[in-house]
Amino acid sequence: MFTPSELLEIKTLLSPENKIVILTHYNPDGDAIGSSLGLKHYLHAKGIAAEVLVPNDFPKFLKWMPEARKSIVAEYKRKVAFDLINEADVIFCLDFNSPSRIGILGDWLVKAKAKKILIDHHQQPEAFDYVYSDTIIPATSQMIYHFIEAMNDEALVNKDIAECLYTGIMTDTGGFRFRSTSATTHRIIANLIEKGADPSVITSNTWDTNTVSRLHLLALILGRIEVVNEGTVAVLYLTRKELQEYGFQKGDTEGFVNYGLSIVGVKMSAFFMEDLYEDFIKISFRSKDNVDVNQFSRKYFNGGGHINAAGGKSNESLPDTLETFKARISEENL
């Protein structure tokens with residue numbers, strides 16, 4: 001958490017006179033959007049206006065959250081995004097550890113005159129004016145709740161805040177299944193339910209939203225899932241042609257990588273997908289126990305994240321990327 005003196009300084013910065021922007025990472029997920037909107041609603045409850053800015057659009061299954069559709073999407077409104085960052089007095093940086101994680105907005109962020117406040121749970125955060133970094137906490141949305149606690153404002157938590165933070169925690173813990181989910185996490189979830197978050201409604205709005213294209217793609221990859229490295233590593237992949245054939249929409253492949261981990265004996269799952277428009281491969285890694293996919297991704301695939309959940313990228317072709325991956329896991333004795 002921020003130090004007591006930092007909290008006092010932040011309280012001074014959070015005034016209605018200051019222009020406040022909440023910024024999150026490229027390809028926003030449930031935690032990115034949940035933490036950003038949760039913070040926005042908290043600031044509104046204090047009588048402070050704030051704008052949520054995202055580098056690119058996010059999946060439809062996250063747009064049910066209160067005021068999600070009012071978020072500024074930089075890929076559609078570049079000039080508006082530039083002005084927001086350039087004119088801001090305070091910029092909250094949520095769920096990313098480096099300006100490089102927010103695309104073109106990173107250059108603008110570095111040059112901005114605003115005070116920059118980082119709240120994030122990824123490893124190796126870069127320097128910001130104020131830093132609240134904790135890699136043990138499973139979701140940035142949980143950190144926003146702790147921030148509200150530290151500001152002595154728990155009484156301000158309302159239904160809008162509760163729904164957003166619950167969604168962020170639920171999605172980033174895999175439905176409270178990942179080992180980073182703590183007793184504290186569950187206590188916070190209980191508090192959010194008491195404040196108006198309805199687990200059944202949130203789960204339905206977020207996860208019971210399958211499209212036909214998503215189910216077709218899921219059936220395709222499950223039909224050819226490969227288990228290698230003596231049964232410890234699952235490999236899943238999709239080609240650009242397949243994405244086009246089944247009418248891929250943003251968010252359709254969310255959670256696909258987790259199916260590999262459901263196989264008995266598998267300790268690591270890797271999902272490879274050709275980008276729809278550019279010549280590179282997006283990679284998602286998930287693992288169990290002490291298999292560190294964060295270090296693996298950093299070492300071989302220009303990525304990173306958490307010990308049990310990380311992402312990466314390859315500029316090789318899909319067949320070459322798969323071949324490289326299999327060679328690397330053999331070398332690492334995973």
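This report describes a predicted model through its annotated spans, its strands and helices, and a few individual residues.

## Basis of the description

Because the model is predicted, local features are taken at pLDDT of at least 70 and side-chain atom pairs only at pLDDT 80 or more, whereas totals for chains, interfaces and linings use all residues. Residues are numbered from 1 along each chain as its sequence is written, and side-chain values rest on heavy atoms, with hydrogens and water left out.

## Annotated spans

UniProt lists residues 19–169 as "domain: DDH" in an unreviewed entry, and such annotations, given here in the numbering of this model with shortened feature names, may be inferred rather than shown by experiment. Over residues 19–169 the chain is 36% helix and 17% strand, with the end C-alpha atoms 27 Å apart; helices (H or I, at least four residues) and strands (E, at least two) are DSSP runs numbered from the N terminus.

The unreviewed entry in UniProt also lists residues 232–330, under "domain: DHHA1". This span is 31% helix and 28% strand, and its end C-alpha atoms lie 11 Å apart.

Between β5 (residues 115–120) and β6 the parallel pairing runs over four bridges, and aspartate 120 has serine 133 in β6 as its bridge partner.

## Helix α5 and its partner α7

Helix α5 packs against helix α7 (residues 183–194) at an angle of about 70°, with the axes 11 Å apart. The two helices are therefore roughly perpendicular to each other, a class that covers 65 to 115 degrees, while angles under 35 count as roughly parallel, over 145 as roughly antiparallel and the rest as oblique. Their contact (heavy atoms within 4.5 Å) is made by Gln142, Tyr145 and His146 of α5 and by Thr184, Thr185, Ile188, Asn191 and Leu192 of α7.

Nine of the 11 residues of α5 are buried, so this helix is largely enclosed by the rest of the structure; buried means under 20% relative accessible area, exposed over 50% and partly exposed in between, with a 1.4 Å probe and protein chains only. Among the buried residues of α5 are Met143, Ile144, Tyr145 and Phe147. Just after α5, asparagine 152 takes a positive phi of about 60°.

Seven of the seven residues of strand β9 (residues 268–274) are buried, so the strand is largely enclosed by the rest of the structure. Met268, Ala270, Phe272 and Glu274 point one way from β9, and Ser269, Phe271 and Met273 point the other way.

Strand β8 (residues 233–238) pairs with β9 in the parallel sense over six bridges, whereas β9 and β10 (residues 281–287) run antiparallel and are joined by seven bridges. Methionine 273 of β9 is the bridge partner of leucine 238 and stands opposite lysine 282 in β10. A hairpin through six residues joins β9 to β10.

## Individual residues

Threonine 253, in the loop between α10 and α11 (258–261), counts as buried at 13% relative accessibility. Leaving aside neighbours within four places in sequence, threonine 253 is in contact with Arg214, Leu238, Phe248, Phe271 and Met273. Lysine 241, by contrast, lies in helix α10 (residues 240–245) and counts as exposed, at 65% relative accessibility.

Asparagine 27 is placed in the loop between β1 and α2 and is partly exposed, with a relative accessible area of 32%. Glutamate 67 is found in the loop between β2 and β3 and, at 29% relative accessibility, also counts as partly exposed.

How values were computed. Pairing = 2+ DSSP bridges. Axes fitted to C-alpha atoms, helices over the stretch in contact; angles between N-to-C directions.
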